[in-house]
Structure formats: C-alpha cells, structure tokens
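Grab a pencil and work through these exercises with the model open beside you. Each one sets a task and then walks through the solution.

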Amino acid sequence: MSDTDLVIRTDDLTKLYGSHVGCEQICLRVRRGHIFGFLGPNGAGKSTFIKMMVGLHRPTSGTGELLGKPLGDFGARRGVGFLPENFRYQDWLSPVELLRFHGRLLDMEPAAVADATTRVLADVGLSQSADEKIRSFSKGMQQRFGLACALLSDPELLFLDEPTSALDPLGRAEVRQLLLDLRERGTTVFLNSHLLGEVEQVCDEVAVIDHGRMVESGSLADLLSGPCEVEVLLAEPASGAAEAAARVGGRLLTAEPDLLVIGLPDEESVPGLVEALVASGARIRSVSRRKRTLESLFLEVTGEGRHE
Amino acid sequence: MSRGATFRRVAAVAGVTLREALRRRVILAAILMSLGFLALYGLGLHYAAKSMLSTGPAGVVELFQREAAAQMLYIGLFPTSFLVALTAVFAGAGTLSSEVDSGVIYGVLSRPVRRAELVVGKFCGLALMLAAYAAAFNGAVIGLAVWQIHVPVTHWPAALAMLVLEPMPLLALVLAGSSRLPTLANGILGVAFYGIGFVGGLIEQVGTLIKNPTLVNLGIISSLFMPLTALHSKALALLLPGGLLFQQGGIPGMGGSTPSAWMVVYAVCYVLGLVTLAAGVFSRRDL
C-alpha cells in the first residue's frame, strides 16, 4: 500500500490525561476510498482518537498524518468533514444560515455555498426544512443536519462519530446508503459506531480498540473468515468423531449427542471429513460452515464475551 | 492562508457571535433597564431644570447652575457604567466555556479555523455589541443632560469614545477567563474585578481628598488590575474639564484625579494582552 493511498497514518499515537490512558500506541492505516469502521466498548478511546485526528486534542506522543499532512496541520482540515458524537449547533439558526456560516469558515464562494447547501440538504432529506430553525428539529433531524454540515465541503475524508445513534431504522438505512454512495464517489469514511450490524454492512476495513489499545485490525472479509469450523448435525450420537476429524487434520471442538463442532485446516477438508464420519458410523443430517459475525469477533477480542 | 481569508473567518465568527448576543435575554434585560433608567433620568432632569432657575448675584447663580448641571451628568453616567459593565460580564463570561460544554465548538473548530481566529472573532462580535450599547446609552444620557439642563460639555466625541472603550477591559478579562474557567466561576471573577476597579477608584478619591499618597497609589494600582474606572474618569474629565465637583472627587468610584493619556494606552494594551492570552490558552487546550 503506497503512502499516496493512505488518508490516515498513525504511528504509536498516544494520548494520556495524567495517569489515565485515552489512547495508547495506536498504529493505523486507512486507505483512500474505503469505509473504515472503528469499534470499541464505551470509554475505549474511540472519540479521543477522532478528536486527535480533527485537531481538538493534541497527542501526548507518537506521530500521525492526515491527508498526507502532519496531524494538527491547519490546511488538512479543509479536506475533512466531522460529525461529532454529541452534535450541537447554533440551533437558533436555520440550516441554510448555519451552512452559510460554515461555508464562510471554509472560505467558499457564496454561490458554491448555495449549491453545496442544496446538494447536502437533499442528500440527507432535509430540503423541505431548509429555512426552519434547527431548534425545532427532532434529534434524528438534527443528526441528519449534522451529517449535511459535515458534507458541505465535499470532503475527501469524513469522520462520523456514532452518526445514526438518533435515527430510526429507516433513517439508518438511508444513511447506510449515503455512505455507500460516498464511497462510490471516492470519499473515505471513518466510521465510529456501536452498531456492529451496521458496520458489518458497509465497512471494508475495521479496527477494534479496547482500553486505549488497538486489539484487532484488518479487512472485514479477512477478519470474519477466521478459522474454518463446521457444525455437523447428527441423527443419533456418534462415537468415532474425534478420530474422523483427526484423519483429515481437524480437531473435535464440541461434541453433543446431536451436534459436533469440528475445526478444519481449510474448507477443502470438508468432503474428507464427511467421508470419515460416515465411515465411522455417524448418521449425518446436515453439515454447515460456522459463520463468524462481527459481534462474535468484537466480543472475542475485547474480552466482553468472557463475562457472559 | 492569506490574511484576507483570516479576516473573513474572524468576520464570520464575529457576525454569528453578535447575532447570538443580541438574541440573548441578558441583552434584552439590559436594554429594558436602560430605557427605564433613561425615562427616570429624563424626568429628574426636567424637574431639576425648573428648580435651577434661582435668583441671586449673577456670577454665583451661573457657577451654582454649572456645578449642579455637572453633578447631574455625573450621576447619570454612573449607572450607565455599571449596567454596561455588568452586560460585558454576563455576555462574555460563557462565550467559550458554554460552547465547549454544549459541544457547539466541535463543529466550528473541525473547520480550517485557528482557535486564535475564533477567540478574536468572539471578542469582536461582543465588543461591537457592547460598543453600540455603550454609545447609545451614554450618548442618550449626555444628550438628555445637554437638552434639559444645558450642561456645557466639551470634547464629547472623545469622551464618548472613552465611554465606549470603558467596558472592553472587563470583556477581555472574562473572555480570557472563559478560555479556561467554567461560566459561573468566570462571571464571579468578572464581577470581582469590576469591584476592584470600583473600590480602587473610591480609595484613590479618598486619598486625594485627605492628601494621602499611599491611598492614591493603591487606587492607581487597582486601576492597573482593572482600568475601567480610570477610563470613566477620563471621559468625565474630557466632558467637563473644569468641573469643580470632579476635582474634589464628588461621585464614588470616579477617581480622584484625571487619568493621563498613558492610562488610555495602558487600557488598550490591557485589552490586547488579555485577548492574546485568551487565544494562547484556548489554543493549547484539549477540547
């Protein structure tokens, strides 16, 4: 992966608040044009990391680059959009007025601001409410507006901190589609969300952070493929399952009267396993590969599953 | 980044800050109280004007009338100073801290905006609002006094400029406080500093009356902490340079001697220094 492909690069990025760890030694690479999911339990350090990215917090140590420029670089923020978790805006203004203000902060021409305002309000479904006071909006509408505001400058990199927390299922589906459309247009999205199902539907890559440290990262496909495990549903209890599994290089993980879970070296070993089980006298009802979900991965790497 | 772009961002922040300040209830309350005071003051001047038509030796009557009129103007400008100062504290105490608490600041500072630009923009917006308020309120008091009791004022544009400048040190102080302190603590700090300036003026006045240089110096030192009262005294000295009561220190908190032009220079440096401090502190803060 060449440096020009990267929109975010951090090396040992650390933020300490006295003795309390915000983030510790985060090494991250985010590629251009991807949707990157950033996951972690409450208080894991996700928002701290995003705040360092957008210049609200200064790192204690480590280095980082945003859009090829050092962290904190004033100019890099021109290409960045940000929807904070606790989004609040000058709610006594209307969307058009507030976007005009943000356009001026971005040093955009008035005509460009007007065009962008029309576009982003349409993108989030708020065209009809363009002149109402933001104060009168529901929380979901305010979150949609926050997204519109983050999109105003057509950013190369979009940081979204829990962007759908206030939305109903329909709103969430619309935002998911919007994120996919943005990816099509080449925008990189850095998505911090607790909604693992949502992350699983849209993200190309994910990283999991726990107690300030990164505990897992990689492409979603690789992470979810994991080890090959098959579930074998039996018509009656079988006695030689462990030997049959060993014959194809596998290992019996779970043995119940009507269910076996067997770990295999790869998917190619499945037909051999079935033959070996049948030869040992097992009567098989069905064989299926166990699917790893993002939730199970999350619980595994953060240790949350151990409490259950 | 060009200077023009910096100016446009500062102007954008100032514009929103001004609009936000104008819609706050504290400003509405200040305007209503000011109108109430102006009505009362105008009525007082009307009846004072009638009673000032006394008889006696021509020179004595003229002297008495001039001093009584000057006294009435001093009285009128004292509550304006107080109200404008309180408005500066209430409008400015939460200008940064409340936006940090609410999270409004995140949306703004994730833009290509330097924190110093935000601080300067905030100051300019609030200063503009206070300047308009101070000019209108003080101008109305002076106008009423001239119209009703014919106070012989001089250098009124320069005096009005001093009165407009008067709340700015307090505004700069609470802005600097707002870069670090919570809103309530900062408001208390602002009122306390106003008190220091006020009491300092009183001490200086007593020191002048009893010719005690230590007290006079204490008053001057307090003016260095909060030059607001000194600016008020300077404005009165410009308006009524020969005012007998002024020379004797007739009104509490107005200072016992005429502040020099250097005090005005100091006040301007005080404002610039505190705005710079606010920008520096706020720029280093994690939000």
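**Exercise 1. Work out how much area is buried between chain A and chain B, and which residues of chain A lose the most.**

Step 1: start with the total. Chain A and chain B bury about 2,900 Å² between them, with carbon and sulfur atoms giving 57% of that; buried area here is the accessible area (1.4 Å probe) that two parts lose on being put together, summed over both. Before going on, keep in mind that this is a predicted model, where local features need pLDDT of at least 70 and side-chain atom pairs count only at pLDDT 80 or more, while totals for chains, interfaces and linings use all residues. Residues are numbered from 1 along each chain as its sequence is written, chains are lettered from A and ligands numbered from 1 in the order in which they are written, and side-chain values use heavy atoms, with hydrogens and water left out.

Step 2: count residues. Chain A puts 33 residues into the contact and chain B puts in 30, where contact means heavy atoms within 4.5 Å.

**Exercise 2. Find the salt bridges and polar contacts across the interface of chain A and chain B.**

Step 1: there are three salt bridges between chain A and chain B, each a side-chain nitrogen of Lys or Arg within 4 Å of a carboxyl oxygen of Asp or Glu. One of the salt bridges pairs Lys15(A) with Asp286(B), at 2.4 Å from N to O.

Step 2: ask which elements of chain A take part. β1 (6-17), β6 (80-83), α2 (95-105) and α4 of chain A each give two or more residues to the side that touches chain B, and α2(A) gives the most, with five. (Helices are DSSP runs of H or I, at least four residues, and strands runs of E, at least two, numbered from the N terminus.)

**Exercise 3. Decide how α7(B) and α11(B) run: parallel or antiparallel?**

Step 1: the axes of α7 (residues 156-165) and α11 (residues 228-239) of chain B come within 8 Å and cross at roughly 170°. (Axes are lines fitted to C-alpha atoms, for helices over the stretch in contact, and angles run from 0 to 180 degrees between N-to-C directions.)

Step 2: α7(B) and α11(B) are therefore roughly antiparallel, the label for angles over 145 degrees.

Step 3: among the residues making the contact are Trp156(B) and Met162(B) of α7(B), and Leu231(B) and His232(B) of α11(B).

Definitions and conventions:
Polar contact = N/O pair within 3.5 Å; in protein donor to acceptor, adjacent residues only side chain to side chain. Parallel < 35°, antiparallel > 145°, perpendicular 65-115°, else oblique.
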